[in-house]
Amino acid sequence: SDPPPDDGGHALKPRHRSPPREPTEGDRLAPEGFAPLNTGPKGWIFVLHDGAFYARRKGTSSGKARFHHSSFFGGGCVDAAGIVVARDGVVHRILPHSGHYRPREAHFARLLLYLRDNMELPISTVEVDVQRVLRVARPEHARKMDTPHFWSARTALDFFTHKALSRSSNLFNAIENRGALESLRRRDATLAAAAAAALAHN
């Protein structure tokens, strides 16, 4: 028989109910009242601020409230910013892209240390985009999102660590001034030879 009409004279159809979904590993591991993060392949924007990681979907649709990196804290300073890609609560990719904050290497390194030490992520399995770190050129009018250059977060952190050690040991200065140092050595050798010849004649 047909379903009874509602008060407005329209027939009511039985509500379709989806079959219950089997809980995923992320569901089981999430704290009570929380769901595992699923950002989709394009990811969510995030900022790191005062020891906490904040993420949400970027809002750019016309007619709706817009939400960008600067929206988290009213354009105030943050420790790092970018895009996170996660599936079932597992972080797969980090892209340090923010048109507002334009993260530098120090922000990137701080983020990687936070992922390892505070969030305790297995950073060997997380991919990070290092195209700006390596100064990778991209075609004219191409977007950063279209030309990623991925390393594991572990490799990137090792790179930053070795670079910092090289800076502190003045290795870069020695490399940059290698030509000048060689010239000084040759000059000193020439003066020493001239002095030795003069002594021999005396």
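**Exercise 1. Determine which helices are linked by the salt bridge of K163 and E105, and state whether these residues are buried or exposed.**

Solution. In this predicted model, the side chains of K163 and E105 form a salt bridge with an N to O distance of 3.0 Å. K163 belongs to helix α3 and E105 to helix α2, so the pair links distant parts of the chain, 58 residues apart. For the burial state, the cut-off is a relative accessible area under 20%. Both K163 and E105 are classed as buried.

**Exercise 2. Identify the strands joined by the salt bridge of E127 and R93, and classify the accessibility of each residue.**

Solution. The structure holds 4 salt bridges. In one of them, E127 pairs with R93, and the closest N and O atoms are 2.6 Å apart. Because E127 lies in strand β5 and R93 in strand β4, the pair ties together parts that are 34 residues apart in sequence.

**Exercise 3. Give the strand order of the open sheet and name its edge strands.**

Solution. The sheet has 6 strands in the order β2-β1-β3-β4-β5-β6, and its pairing is mixed. The edge strands are β2 and β6 (150–152), each of which pairs on one side only. Direction ignored, neighbouring strands of this sheet are turned by 35 degrees against each other on average.

The partners of β1 can then be taken in turn. Strand β1 (residues 44–49) pairs with strand β2 (residues 52–56) in the antiparallel sense over 5 bridges. Within this pairing, L48 stands opposite F53 of β2. Strand β1 also pairs with strand β3 (residues 80–87), again antiparallel and over 5 bridges. There, F46 has G82 of β3 as its bridge partner.

**Exercise 4. Locate D50 and characterise its surroundings.**

Solution. D50 is placed in the loop between β1 and β2. The hairpin of these strands has 2 residues between them, and D50 takes a positive phi near 50 degrees. With a relative accessible area of 66%, D50 is exposed. Its side chain makes a polar contact of 3.4 Å with the side chain of H49. The C-alpha atoms of D50 and D79 are separated by 7.3 Å, although the two residues are 29 apart along the chain.

**Exercise 5. State what the pLDDT values are for the protein and for residues 4–16.**

Solution. The protein averages a pLDDT of 81, and 77% of the residues score at least 70. Over residues 4–16, pLDDT stays under 50. For this stretch the model has 8 contacts beyond four places in sequence.

Terms used:
Residues are numbered from 1 along each chain as its sequence is written. This is a predicted model: local features need pLDDT of at least 70, side-chain atom pairs count only at pLDDT 80 or more; totals for chains, interfaces and linings use all residues. Side-chain values use heavy atoms; hydrogens and water are left out. Two strands pair if DSSP finds at least two bridges between them. Helices (H or I, at least four residues) and strands (E, at least two) are DSSP runs, numbered from the N terminus. Buried means under 20% relative accessible area, exposed over 50%, partly exposed in between (1.4 Å probe, protein chains only). A polar contact is a pair of N or O atoms within 3.5 Å; within protein, one must be able to donate a hydrogen and the other to accept it, and residues adjacent in sequence count only if both atoms are side-chain atoms. Axes are lines fitted to C-alpha atoms, for helices over the stretch in contact, and angles run from 0 to 180 degrees between N-to-C directions. pLDDT is the predictor's confidence in each residue, from 0 to 100. Contact means heavy atoms within 4.5 Å.
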